[in-house]
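Trainee: Could you take one part of this structure and look at it closely, then work outwards until I can see how it fits with the rest?

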Amino acid sequence: MSETSIQIRGLKKSYRIGANDVEVLHDIDMDIKSGEFVSVMGQSGSGKTTLMNLIGMLDRPTGGSILIDGVDVTNRSQKELVEYRRKMVGFVFQQFHLIPSLTAYENVALPLVFAGEKEHDTINEALERVDLSHRLDHKPSELSGGEQQRVAIARALVMRPKILLADEPTGALDKETGEMIMSLLRSLRSEMTVVMITHNHDLAAMSDRIINLQDGKIKE
Ligand SMILES: Nc1ncnc2c1ncn2[C@@H]1O[C@H](COP(=O)(O)OP(=O)(O)OP(=O)(O)O)[C@@H](O)[C@H]1O
Ligand SMILES: [Mg+2]
């Protein structure tokens with residue numbers, strides 16, 4: 001039996017809006033296997049980003065648990081969560097979120113710099129992995145959208161995460177470039193668990209499995 005990398009049990013999330021608590025995720029149960037590549041689909045407002053932020057421990061659930069390799073991470077201290085994120089999770093976003101004044105190389109180096117362990121080889125490996133060894137000294141403004149997203153993926157890979165979370169990574173890209181990014185994410189499968197949000201059925205079909213969210217519930 002293969003190890004289950006992410007186990008979600010009875011997960012709930014409410015947001016305080018004015019005087020009310022509004023529940024946006026209701027009792028989510030989900031198993032994502034180690035090394036699996038899953039897409040999460042669902043209408044705007046269905047709770048996709050909320051779910052991803054909880055898996056990445058950027059936010060805390062209102063109820064339920066998230067087990068990573070069998071260990072519940074939901075009741076950890078703030079300090080432990082920072083460690084968990086740093087060691088275990090890589091994030092990729094629709095708008096790349098690169099630092100404009102830094103080169104591709106420097107952007108990728110950033111997580112290592114924060115961790116106090118800037119390693120030249122690791123940075124170059126990550127950039128090689130996304131096929132950008134020839135663009136090390138380019139600033140984001142000197143790169144295409146697809147190249148910028150590849151830099152962002154290299155930045156996520158540089159800490160060797162076990163889980164890669166991508167929130168609409170192809171949302172700002174044309175079809176062809178989106179497919180290239182998908183192939184790249186797909187190539188990471190088996191090395192790490194990849195969870196991606198997309199609105200595009202064709203791209204979702206390139207993953208191992210599609211999870212549909214509807215109004216904060218999993219649609220079977
Ligand atoms: N910080 C917040 N405070 C209050 N409500 C929030 C907050 N974040 C999200 N919501 C609400 O939670 C619901 C789910 O939002 P979420 O961002 O998870 O949706 P989504 O599926 O990612 O949508 P989209 O496809 O538009 O990105 C929405 O109704 C949203 O308004
Ligand atoms: Mg979203």
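Mentor: Start with Arg160, which in this predicted model is partly exposed because 14 other C-beta atoms lie within 10 Å. Arg160 sits in the loop between H5 and strand E7 (163-167). Its phi is near 50 degrees, a positive value in a residue other than glycine. Most residues other than glycine have a negative phi.

Asp131 lies in the loop between helix H4 (120-129) and H5, and has a positive phi of about 65 degrees although it is not a glycine. With 13 other C-beta atoms within 10 Å, Asp131 is also partly exposed.

The largest nonpolar core has 54 residues, and the members that touch the most others are Val108, Leu127, Ala154 and Leu165. Helix H5 (residues 145-157) is the main contributor to this core, giving six residues. In soluble globular proteins, nonpolar side chains tend to be buried together.

Follow Leu165 next. Leaving aside residues up to four places away in sequence, Leu165 touches Met52, Ile55, Gly56, Val89, Phe91 and Val195. Val195 is also the bridge partner of Leu165 in E8. E7 and E8 run parallel and are joined by five bridges.

Strand E8 (residues 193-197) is largely enclosed by the rest of the structure, because five of its five residues are buried. Thr193, Val195 and Ile197 point one way from the strand, Val194 and Met196 point the other way, and all are buried. E8 also pairs with strand E3 (residues 37-41), in the parallel sense and over four bridges. In that pairing, Ser39 has Met196 as its bridge partner.

Now to the ligand. Ligand 1 is surrounded by Tyr15, Ile17, Val24, Gly42, Ser44, Gly45, Ser46, Gly47, Lys48, Thr49 and Thr50. Two elements give two or more residues to this shell, strand E1 (4-17) and helix H1 (48-55). H1 gives the most, with three residues. By class the shell has three nonpolar, seven polar and one charged residues.

Tyr15 and Ile17 of that shell lead on to Val22, which touches both of them and Ser14, not counting residues up to four places away in sequence. Val22 belongs to strand E2 (residues 20-33). For a sense of scale, 41 Å separates the C-alpha atoms of Val22 and Ala126, which are 104 residues apart along the chain.

Last, the whole. The protein has seven helices and 10 strands, and 38% of its 220 residues count as buried. Its C-alpha trace spans about 50 × 45 × 40 Å along the principal axes. The radius of gyration is 17 Å, which agrees with the value near 17 Å for a compact globule of 220 residues. Among contacts with a separation of 6 or more, 71% join residues 24 or more positions apart.

Note on methods. Residues numbered from 1 in each chain as written. Chains lettered and ligands numbered in written order. Predicted model: local features only at pLDDT ≥ 70, side-chain atom pairs only at ≥ 80, totals over all residues. Near = placed C-beta within 6 Å. Nonpolar A, V, L, I, M, F, W, Y, C, P; charged D, E, K, R; others polar. Contact = placed C-beta atoms within 7 Å. Core = buried A, V, L, I, M, F, W, Y, C linked by C-beta atoms within 7 Å. Buried ≥ 20, exposed ≤ 12 C-beta atoms within 10 Å, placed from the backbone. Rg over C-alpha atoms; globule rule 2.2 N^0.38 Å. Pairing = 2+ DSSP bridges.
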